[in-house]
Amino acid sequence: MHSWKELAQEHKGKLILMVIFSLLSGSSIIAQAYLLVYIVNEAFLQGTAFADLLPYLALLLAALLGRTLFNYGNGKIGVRLAALVKSGLRSQLLRKYSKTNMQTAMYGRSGEKVSVIMDTVDEIDDYYSSYIPQVIQSLIIPIMLLITIFTEHFTTGIIIVITAPFIPIFMVIIGFSTKDKSEEQLDKMAAFSGKFLDTLQGLTTLKLYGRSKKQKAEIEESSLNFRDATMVVLKTAFANSFALEFISMLSMGLIALEVAIRLIIFQNITFFTGFLMLILAPEFYNKLKELGNAFHTGRGSSGAFNKLQKELDLPDLPVEWGSYPLEARKPPAIALHDASFYYEEEGFRLDHISVDISPYEQVAIIGKTGSGKSTLLHVIAGLVANTGGEILVNGRVRSEYDESSWFNELSYISQHPYLFSGTVAENIAIGGRTGATREEIEAAGEKAGIAELIASLEKGYDTPIGEAGRGLSGGEKQRVALARAFLKQPSIILFDEPTVGLDLRTERILQQSIKELAKHATIITVAHRLHTIKHADKIILLDSGRVVTVGTHEALLKTNSDYRSMVSAEQGGEQR
Amino acid sequence: MKDLTTVIRLLFKEKKDIILSIICGFIGGITAVGLFSASGYLISQAALAPPIYTLMVLVGTVKLFGIISAIGRYGERYYSHRGTFTMLSNLRVSFYERLEPLAPQIFQKFRSGDLLARIVGDVETLQNFFLRVFYPPIVLFLVFLCTISFTAYFSIAHAIVIFVGFLLTTVLVPAFFAVRQRRVDEGLREKRGKLSTEVTELFYGFRDLKIYQRMDEKEETLNQMAESYVREQEKARIHHLYSESLNTFVSLAVSVAVLGIGAYLITEGTLNGIFLAMLLMISLTVFEDTTSMAIFPSHLEDSRRAASRLSAVVGNEPTEVQEKEDLRLDSSPEIKFQSVSFTYSEEERKTLTQIDLHFPAGSRTAIVGPSGSGKSTLLRLVLNFGTSVQGDILINGEEIRKLNEESIWKYANVVLQENHFFYGTIRDNLKIATDHATDGCFVEILAKVELSHFNLDDEVLEKGANLSGGEKQRLAIARAMLKNSYLWLLDEPTSSMDSVTSTRIYRELFELAKDDTLILVSHRLNGLEKMDQIIVMEEGQIVEVGSYEQLMKQKGYFYELKQIEQSVFHG
C-alpha cells in the first residue's frame with residue numbers, strides 16, 4: 001500500500017488537484033447553504049419580490065452544479081489514479097514473472113499467480129478510486145464547514161466539537177467489545193461457506209452411494225448457521241452505524257434546540273444564522289459518515305496490498321546473459337562446476353553439481369522422483385539461474401553469451417509440450433529460426449510423423465490448435481514438439497523422456513527421432529528407459545539434489561550398488 | 001427477466017423479513033424527512049416569536065424523530081440482511097434440488113472444472129438482488145408517496161415538482177444508464193477473459209516461450225492487453241461516477257425548483273412563508289437516498305445475469321425424472337457392449353468408436369492402453385453417466401438406457417480417478433457407504449487398505465486436502481469395500497501407490513470380489529496375469545482382447561507395451 005508520503009511523491013499533481021477540487025467542492029457547499037438561507041430569509045421574512053430573487057436562484061443552481069462537478073472531478077482523478085497504479089503493478093508483476101517464473105511453474109503455483117495478476121490487482125482499485133478521494137474530501141470539507149459554523153455562530157460550533165468526537169469513541173468501544181467474538185465468527189463463516197461447494201463437488205460420489213437426497217437438509221442447516229454467524233458479525237457493523245446516526249441525530253436536535261431558544265427567548269441571533277446552522281450541521285455529519293465508510297473500503301484493500309507486496313518482494317533470480325555470440329559449427333562443450341540451485345531457503349536444493357558434457361555426447365540423468373532431475377535439466381537449459389558455482393560453455397562462463405544465440409542452439413522436448421494459440425504450421429514454425437518456408441515446415445512434420453494426422457484435418461497445416469482450437473492428444477502434442485526440433489536442428493537437445501501413457505506409434509517415432517536428431521547434437525535426457533540409460537555415454541545418478549556418481553552403465557554396475565539394485569529390480573520386471 | 005422470477009418466488013418465502021425491512025426502512029426514511037421538515041418549521045416558527053410551548057413540542061418532535069430514525073435504519077439493515085441470507089439458503093437448497101437429479105450427467109456436459117465454482121459465485125451474487133434491487137425501490141416509493149401527500153397538503157405545485165424529481169432520479173436517469181451499463185459491462189468482460197487466458201498461457205507455456213524466444217513479445221502483448229483492460233475498467237468506473245453525479249445534481253436541482261416556486265407562491269400570496277424552510281428541508285432530505293438508485297442498474301444486471309446462468313445450468317423448474325425400470329440383481333451381472341460409440345459434446349472426434357465387448361458374470365477384466373485412449377470413458381458408460389450413446393449397453397440383457405441409473409449405482413462399487421472426500425472425519429467419509437456398519441467394521445476395513453494409522457475421528461479437510469494421493473485412493477477403496485455389491489468398477493484405483501502396497505491391496509480386493517463382476521482400468525501392465533480378460537485400447541478402439549498368456553503369445557500391441565514398460569526405469 002502506498003503510504004501517503006509515497007503517494008505524495010509519485011502522484012503529487014493528482015493529490016494537489018484532489019485537494020483543490022475538495023476545497024472548491026467545500027466552498028460550493030458553503031455557498032449553497034448561504035444562498036438557500038438567503039433566499040428563504042428574503043422570501044419568508046423580508047417579503048422580497050420573486051423577480052428580485054431570480055439572480056440568487058441562478059447562483060444557487062451554479063453552486064449546486066459546482067458541487068456536483070467538483071465531486072465528479074475528484075472521483076475521476078481517483079479512478080485515473082487507480083488505473084495508473086493497477087497498470088504499473090501489472091507490468092511490474094509481468095516483468096517479474098516473465099523473468100523468473102520457471103520456478104513458479106516448477107513448483108506448481110501457476111493458478112495462484114494468475115489470480116494475483118487478475119484478481120488481487122483489481123482488489124486494490126477501491127483504495128485509490130474511493131478511499132483516497134474520500135479521505136481527502138472528508139478531511140478538508142468538514143473543517144471548512146466547522147470554520148464557517150464557528151464564525152457565524154460560536155455555540156453551534158461548540159456543540160459539534162463536543163459531540164463529534166463521540167462518534168469515533170463510540171465506534172472504538174463497540175469495536176473492542178465485539179472484536180474477539182467477531183473473529184471467532186469469521187472462522188466459522190469460512191468453514192460454512194465452503195460447504196455448498198464441497199457438496200456440489202462431491203455430488204457424483206454422493207449419488208453413487210445413494211446419499212444425495214439427504215444432503216438437502218444439510219445444505220439448509222449449514223446455510224442457516226452461516227447466516228447466523230454472519231449476522232453476529234454484521235450486528236457489530238450495524239451498531240457502529242447506529243451509534244453514528246444516533247449521535248449525529250442527537251446533536252442536530254441539540255443544535256435546533258439551542259438555536260430556537262436563542263431566537264425566541266434571548267433573541268440574540270437572526271433567523272438567517274439559525275437556519276444556516278440547521279443546513280450546515282447535517283452536511284458536516286454526512287461527511288463524517290462518508291469518512292467512516294471510506295475507512296471500511298480502505299481496510300478491505302489492505303489484504304490485497306500485503307499479498308502484492310509479498311509477491312513483488314520475492315527474490316528475483318533472472319538468468320544473466322551477455323553479448324558474446326555462440327558459434328555453433330558443432331555442439332558446444334558444457335561444464336558445470338560446483339553448480340547449485342535453490343528457490344526457497346528451506347526448500348529443495350541442487351548442490352555441488354559438477355559434470356562435463358562433451359560435444360555429441362549422450363547423457364542420461366537418473367534418480368528417484370524428487371531427486372532433482374528436471375531441475376538440473378532446467379539449470380542446464382538456462383531457464384533458471386544457478387544460485388552458486390558456474391556453468392561453462394566452450395570454456396567461457398555462460399552468462400557472457402548472447403541469450404538468443406544460446407537458445408537458437410537448444411531444443412527442449414518435455415513430457416507436456418505447450419501448444420500456443422495459432423495454426424499447426426505456426427506452432428511448428430515457432431521452433432525454427434525466422435522465415436521457415438512452408439516446405440521446410442511440412443518436411444519437419446513428415447519426419448515427426450504427424451503429416452498423416454494433419455492431412456486428415458480439413459484445413460491441414462492451417463488448422464488452429466492450442467487454447468482456442470482443436471485439442472490434440474498427448475502423443476500428438478509430443479509429435480508437434482518433435483517437428484519443432486526437426487525444423488530447428490539444434491546442437492543441444494534436452495529431453496524429458498516419457499514415463500508411461502504414450503501410444504506405441506508415438507513411442508516408436510520418438511525413439512527414431514531422437515536417434516536422428518542425435519547425429520548433429522548433444523543429447524541430455526532425463527531418462528526413464530533402461531534402453532536409453534544403457535546406451536548413454538554418461539549416466540548421472542542424482543539423489544536428493546546431489547550427484548551420487550557419474551559413469552557408463554558398465555562402470556556404474558561395477559562401482560555403485562544403488563545403481564546395481566535399481567537396474568536389477570527393473571530387469572526383474574514383475575517385482576510384485 | 002424470467003429467470004429472476006424464480007428468485008423472487010424464493011424470496012417471498014421470507015415474507016416476515018421482507019415486510020420488516022420495508023417497514024423499518026420506511027420508518028427510518030420518513031422520520032428523517034420528518035426530523036428535517038420539523039426543524040425547518042421550528043426555525044421559521046421561532047423567527048416569529050411564538051408561545052414557548054409550541055417550541056417545546058417541536059423540539060420534542062425533532063428529538064423523537066431523530067431517535068426513531070436511527071432505530072429504524074438499524075432495524076432495516078438487520079432484517080434486510082437476515083432476509084438476504086435466509087433467501088440465499090433457500091436459493092442454495094432450491095438450486096441443489098434442481099441440480100441433484102441432473103448430476104452427474106451434467107458434469108459430463110460441462111467438463112470444465114470451474115462450472116461449480118461459477119455456480120457458487122452466481123448464488124452469492126444473488127444476495128445483492130434482495131439487498132440492492134428488490135426492496136430499496138419499494139421503501140423509496142413509500143417514503144416518497146407519504147412525503148408527496150404531505151407536501152400536497154401545503155402546496156400542490158411542490159408535490160408535483162417532488163414527484164417529477166422522483167421519476168427522474170429513480171426511473172429515468174437509472175434507466176438511461178442501464179442501457180449503457182450493459183454495453184460497458186460486456187466490453188469489460190470480454191477484455192478480462194482475453195487477458196486471463198493470455199496470462200495463463202504465460203505460465204503454462206513459460207518454458208517454450210523462453211526457449212523459442214517469444215517472451216519479450218508475449219510480455220509486450222500482455223502489457224497491452226492489461227492496459228486495455230484497465231482502460232475498460234476506468235471507463236466503467238467513470239460511467240458509474242457520471243450516473244451518480246447526474247443523479248445527485250438532478251435531486252439538488254429539484255430543491256432549487258422547490259425554493260423558487262416557494263418564493264414565487266409567497267409573492268403571489270398563495271403560500272404562507274412559514275412553510276418555505278420546511279418544504280426546502282423536505283426536498284433536500286427526501287432525495288438523499290435516491291443516489292443509491294444510481295447503482296441499481298448494475299446490480300440488477302448482475303443479478304439478472306447470475307440468475308440466467310443458473311437457470312441455464314439447471315432450468316427453472318425441478319426436472320421431472322422419467323420413470324424407468326429398476327435394475328434388480330441378486331448375483332453378479334453380465335455386461336455387453338454392442339457397437340457402442342461415444343462423443344463428448346464439445347469435441348469433434350469420437351472418444352469411443354464401435355466398441356463390442358462382453359463382460360461375463362463374475363468375470364475379472366482389465367482395460368489397458370495409452371492415456372486418452374478412452375479407457376475411463378468406457379468404464380463410465382457402464383454407470384450410465386454419459387447422456388447419449390450410440391449402440392447398446394446391456395446389463396443382464398437389459399438395455400442400460402431404459403434402466404434407472406440410480407438402481408445401477410446401487411449395485412456398483414466404484415472407485416474413480418478423482419474421488420471426493422467431504423469435510424468431516426474419516427468416519428463421516430466411510431459412513432457414506434453404509435448405514436449399518438459399526439466402528440469395529442470401519443477399523444477392520446481401514447486395516448485392510450493399510451490405513452490403520454488413521455483414527456475414525458481424524459479430521460478430513462475439504463477434498464481430502466490433508467491426505468496424500470495414495471491415502472485418498474485407499475480411503476476410496478475402503479468405501480467401495482464397505483459397499484461390497486455385485487459390480488466393481490475401478491478406474492486406476494492404485495495409481496498413486498507404490499507397487500508393493502498396490503499389489504497387497506489388489507489381493508484384498510480380488511479376494512472380496514471373487515464372485516463379482518469386476519472391471520479395472522489400469523495404466524500399469526503388471527499383475528494382470530490373474531485377470532480373465534485384458535482389453536487393449538488405442539484411440540477409442542479396441543486393439544486386442546485376450547488373457548494375459550494369449551496376448552503375450554500373440555506378440556501384438558500388448559506385448560510391445562509390456563516390453564516398453566519393462567524397460568521403464570522408475571528410479
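A residue is called buried here if 20 or more other C-beta atoms lie within 10 Å of its own, exposed if 12 or fewer, and partly exposed in between. The views below are taken from a predicted model.

**View 1. Buried and exposed residues of helix 6 of chain A.** Helix 6 of chain A covers residues 154-163, and its buried residues are Thr156(A), Gly157(A), Ile159(A) and Ile160(A). The face turned away from the buried side carries the exposed residues Phe154(A), Val161(A) and Ile162(A). An α-helix has 3.6 residues a turn, so residues three or four places apart point the same way.

**View 2. The contact between chain A and chain B.** On the side of chain A, 122 residues are in contact with 120 residues of chain B. Helix 3 of chain A, residues 50-106, supplies the largest share of the side of chain A that touches chain B, with 26 residues. By residue class, the side of chain A that touches chain B divides into 65 nonpolar, 36 polar and 21 charged residues.

**View 3. Domains of chain A.** The assignment divides chain A into domain 1 (1-152), domain 2 (330-409 + 491-507 + 517-576) and domain 3 (417-489). Between domain 2 of chain A and domain 3 of chain A, the C-alpha centres lie 27 Å apart. Eight residues from domain 2 of chain A and seven residues from domain 3 of chain A take part in the contact. On the side of domain 2 of chain A that touches domain 3 of chain A, three residues are nonpolar, four are polar and one is charged.

**View 4. Domains of chain B.** In chain B the assignment gives domain 1 (2-314) and domain 2 (335-567). A distance of 53 Å separates the C-alpha centres of domain 1 of chain B and domain 2 of chain B.

**View 5. The six-stranded sheet of chain B.** This open sheet of chain B has six strands in the order 6-9-10-3-11-12, with mixed pairing. At the edges stand strand 6 (412-415) and strand 12 (541-546) of chain B; each has a single partner strand, so one side of each is left without a neighbour in the sheet. Neighbouring strands of this sheet are turned against each other by 15° on average, direction ignored. Within chain B, strand 3 (residues 364-368) and strand 11 (residues 533-538) run parallel and are joined by four bridges. In this pair, Ile367(B) stands opposite Ile535(B) of strand 11 of chain B.

**View 6. The hairpin of strands 11 and 12 of chain A.** Strand 11 (residues 538-543) and strand 12 (residues 546-551) of chain A form an antiparallel pair over five bridges. Opposite Ile539(A) stands Gly551(A) in strand 12 of chain A. Two residues lie between the strands of the hairpin, and Ser544(A) takes a positive phi near 45°.

**View 7. Strand 4 of chain A and its pairing with strands 1 and 5.** Five bridges pair strand 1 (residues 334-342) of chain A with strand 4 (residues 388-393) of chain A in the antiparallel sense. In strand 4 of chain A, Gly388(A) is the bridge partner of Ser340(A). Strand 4 of chain A also pairs in the antiparallel sense with strand 5 (residues 396-397) of chain A, over two bridges. There, the bridge partner of Leu392(A) is Val397(A) in strand 5 of chain A. The hairpin of strand 4 and strand 5 of chain A has two residues between the strands, and Asn394(A) takes a positive phi near 50°.

View 8. Most residues other than glycine have a negative phi. His352(A), not a glycine, has a positive phi of about 50°. His352(A) is placed in strand 2 (residues 349-357) of chain A. With 14 other C-beta atoms within 10 Å, His352(A) is partly exposed. In Glu492(B), also a residue other than glycine, phi is positive and near 45°. Glu492(B) lies in the loop between strand 9 (487-491) and helix 17 (499-512) of chain B. Glu492(B) is partly exposed, with 19 other C-beta atoms within 10 Å.

**View 9. Asn240(A) in helix 9 of chain A.** Helix 9 of chain A, residues 215-266, contains Asn240(A). Asn240(A) counts as partly exposed, with 19 C-beta neighbours inside 10 Å. Asn240(A) and Phe407(A) are 167 residues apart along the chain, and their C-alpha atoms are separated by 62 Å.

Note on methods. Residues are numbered from 1 along each chain as its sequence is written. Chains are lettered from A and ligands numbered from 1 in the order in which they are written. This is a predicted model: local features need pLDDT of at least 70, side-chain atom pairs count only at pLDDT 80 or more; totals for chains, interfaces and linings use all residues. Domain bounds come from an automatic or database domain assignment. Two residues are in contact if their C-beta atoms, placed from the backbone, lie within 7 Å. Ala, Val, Leu, Ile, Met, Phe, Trp, Tyr, Cys and Pro count as nonpolar, Asp, Glu, Lys and Arg as charged, and the others, Gly among them, as polar. Two strands pair if DSSP finds at least two bridges between them. Axes are lines fitted to C-alpha atoms, for helices over the stretch in contact, and angles run from 0 to 180 degrees between N-to-C directions.
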